[in-house]
Amino acid sequence: ADKTILLDIADGVATVTLNRPDRLNSFTAAMHEELRGALAAVREDSSVRCLLLTGAGRGFCAGQDLSDRAVAPGQEAPDLGASIETNYNPLVRTLRELPMPVVCAVNGVAAGAGANIALACDIVLAARSASFIQAFCKIGLIPDSGGTWTLPRLVGHARAMGLAMLGDKVPAEQAEAWGMIWKAVDDDKLAEEAAALARQLATQPTRGLALIKRALSVSLDNDLDSQLDLERDLQREAGRTQDYREGVAAFVGKRAPTFEGR
Ligand code: T3D
């Protein structure tokens, strides 16, 4: 069978490409399984210091493949909770917990779970022609893949509610203006810019970046006291890395640092 996920590892960057372009890279159970395999390989490869996620063709990802979900009259409804538990939730947890920066290059429309998987990544670039659609409400579902958690944090309650209930298309530039993503870039520059950003991140203090990710992932749920305690603990850990030593040595030696990600 054709590969639904492409994995390429070079220059410290693992590039994972969703690869069902004729279905706008929507998810089947098989694609979830292949993606889990690719992400496990990424996690185990100590040469990888940044993950870049993107899609093949004109879309990024249209969420669940709905042709797997049509039910004949009288037939029992599929258990979507089981699908979420097996496929979508582990994926979002993996992206959030991966101890390295995760860059998403949204090359085209990101709808349903596809939108929220993109928004679960650490740094999101999107082609100017790309868009984000909380399509769930149009078929009677709720935003999943962390959407009800991520959206209000990124854009605030009013916009989260409007997007979730109306399913409006948010063009990349509006997503940037709303703080939903890092940056919209010209279509013909997206692949190049995302790859350059990922390669650059892969030369940075990986453990420090992973600790930044941990601190920011919980800060909106912590009070200041707890967050200060957490910063103390994570800074203690950061201060013990080789890369911190190197960073300081390079600074005082007035030379460029060489970080090894440890
Ligand atoms: O079920 C569970 O496990 C629970 C989890 C659910 C998570 C979810 O993601 S639910 C939400 C599912 N996704 C959607 O509702 C989005 C459906 N797609 C669209 O609304 C539109 O395709 C887009 C707005 C994303 C793009 O529109 P457009 O006009 O650019 O493209 P298109 O013509 O609609 O799509 C191109 C082809 O891809 C088309 O096939 P065709 O006509 O060329 O044979 C279309 O049917 C197919 N396609 C697009 N999205 C899906 C899909 N096929 C299956 N499932 C899809 N989600």
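Okay, two housekeeping points. This is a predicted model, so local features need pLDDT of at least 70, side-chain atom pairs count only at pLDDT 80 or more, and totals for chains, interfaces and linings use all residues. Residues are numbered from 1 along each chain as its sequence is written, and side-chain values use heavy atoms, with hydrogens and water left out.

Let's start with the ligand. How many residues surround the ligand? There are 24, and the closest are Arg23, Gln64, Leu66, Arg69 and Ser83; being near here takes a heavy atom within 4 Å.

Ser83 puts a polar side-chain atom 2.4 Å from a ligand oxygen atom. Arg23 also has a polar side-chain atom by an oxygen atom of the ligand, at 2.7 Å. With Ala62 it's a polar backbone atom, 2.9 Å from a nitrogen atom of the ligand. On its own the ligand has 1000 Å² of accessible area, and the protein covers 67% of that; the areas are Shrake-Rupley with a 1.4 Å probe, and for residues only the protein chains shown count as cover.

So who's in that shell? By class, 13 nonpolar, five polar and six charged residues. In this scheme Ala, Val, Leu, Ile, Met, Phe, Trp, Tyr, Cys and Pro are nonpolar, Asp, Glu, Lys and Arg are charged, and the others, Gly among them, are polar. Helix H2 (80–97) gives the largest share, four residues, and strand E6 (109–111) supplies at least two. Those labels are DSSP runs numbered from the N terminus: helices are H or I with at least four residues, strands are E with at least two.

E6 takes us to the four-stranded sheet. That one is open and mixed, in the order E4-E6-E8-E9; two strands pair if DSSP finds at least two bridges between them. Strands E4 (59–61) and E9 (169–171) are at the edges with a single partner strand each, so one side of each has no neighbour in the sheet. E6 runs parallel to strand E8 (131–133) over two bridges, and Ala111 has Ile133 in E8 as its bridge partner.

The other sheet, also open and mixed, has six strands: E1-E2-E3-E5-E7-E10. Its edges are E1 (5–10) and E10 (183–185), each with a single partner strand, so again one side of each is left without a neighbour. Twist averages 20 degrees from one strand to the next; angles run from 0 to 180 degrees between N-to-C directions, with axes fitted to C-alpha atoms, for helices over the stretch in contact.

E1 and E2 are antiparallel, joined by six bridges. They make a hairpin with two residues between them, and Asp11 in the turn has a positive phi of about 55 degrees. At the other end, E7 (123–127) pairs parallel with E10 over three bridges, and Ala127 sits opposite Val185.

Last, the helices. H7 (190–201) packs on this sheet, touching E2, E3, E5, E7 and E10, at about 165 degrees to E7; contact means heavy atoms within 4.5 Å. H1 (29–44) lies across E1, E2 and E3, at about 15 degrees to E1. That's it from me.

Definitions and conventions. Polar contact = N/O pair within 3.5 Å; in protein donor to acceptor, adjacent residues only side chain to side chain.
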